[in-house]
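Hi everyone, thanks for coming.

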Amino acid sequence: MPPTDLPTFLRRGLGTAVFCSFIALALTLSGQGAWDVQWAYSLAIGLTAWLVIEMGCTKGWPPGPRGVLLVLAGSVTGFVLGTALGDAYSGTPHPLWQGRSWQAMLLLTLATGTILSYFFYTQAQAQQLQLHMAQAQRTAAEARLKLLEAQLEPHMLFNTLANLRALIATDPERAGHMLDRLIDYLRATLGASRRERHPLADEFARLDDYLALMAVRMGARLGYALELPAPLAQASVPPLLLQPLVENAIRHGLEPQLAGGRITVRAQATDQGRRLQLCVHDTGPGPSQGLDPGVDPGAGLDATATPGSGFGLQQVRERLATLYGPEGTLELIAASAGGTSAIVTFPLQYATDTHTATRPDR
């Protein structure tokens, strides 16, 4: 049994007092004497025994026979001192061995002490087990999150390098410029991605770097805007949360179109400031084209992609589930005027960093 904190100590004391009150009621109903006298004896004996046992558990429950001896010592001490207190209340003091069935009272005290001690011990063990289970679940969730992030970083890099390789063959000068932007982007991103959370301003700054990198390859075919209200700049978010959604929007929304298109990333607080909503909208054809009726747009978008292209969306869903459980959601919505909106929503929290974000409109 772990050391007792104050709320648990008070709760056990109250439980002991209630149990002793029931014993006093039973003794009164069996004709052993007046209610108030029986209650005084029961409380005095029970609470004294409980206090002695609690003091013996300040560093945890004693192992082996020492635990049994503690219950025995607490019960005997409670019986002796509690009886003296009861005698003082009733006004009829006399030796323990005279004028009463002290053997039965002592056995009742031992039985009560054993029952309460066992109950409190098993309750504490269950609480300790729950704490260990919760810690194990947190450790497993953190390990899973690190694995997801470790998988996400090379995925982004491989996609960018594939784009760079294609550009080298067609426009070496632009390829060189793209390589310079890639180096700058990686220098700024890889260190930040090792943190579990960072300010939303940093996330938008990395998106600015990434979209500038993609703009080298796509040229005038790619326009973008990052809209981050100042009050949300320090909101705490997982690193690289939005980038897979931006990659997905470029690959499936803008690249298939000859004229390209535009991406808008927007942040806003919802649910009276309790939740953060992040939206990545593109002006592409929308997720529903080419899908059978009844197919989920999010699933269809992954299903119609080239091999491995559904990786980013799945990573976002799994990271949200790991960090926020059912409170973190990802929705893919086809806009009525064309295009797709990927909307991420989770509880709004704030970081302590003071970074600022670049919010260009190109």
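Let me start with a question: in E7, which residue is the bridge partner of aspartate 282? It's threonine 340. Before I go on, a quick word on the ground rules. This is a predicted model, so local features need pLDDT of at least 70 and side-chain atom pairs count only at pLDDT 80 or more, while totals for chains, interfaces and linings use all residues. Residues are numbered from 1 along each chain as its sequence is written, and side-chain values use heavy atoms, with hydrogens and water left out.

E5, residues 275-282, and E7, residues 340-347, run antiparallel and are joined by eight bridges. Strands here are DSSP runs of E, at least two residues, and helices are runs of H or I, at least four, numbered from the N terminus. Two strands pair if DSSP finds at least two bridges between them.

Zooming out, there's an open sheet of five strands, in the order E2-E4-E5-E7-E6, with mixed pairing. E2 (222-227) and E6 (329-334) stand at the edges, each with a single partner strand, so one side of each has no neighbour in the sheet. From one strand to the next, the twist averages 15°.

Now the helices. H6, residues 200-218, lies across E2, E4 and E5, at about 170° to E2. H7, residues 243-254, lies across E2, E4, E5, E6 and E7, at about 145° to E4. Those angles, from 0 to 180 degrees, are between N-to-C directions of lines fitted to C-alpha atoms, for helices over the stretch in contact, meaning heavy atoms within 4.5 Å.
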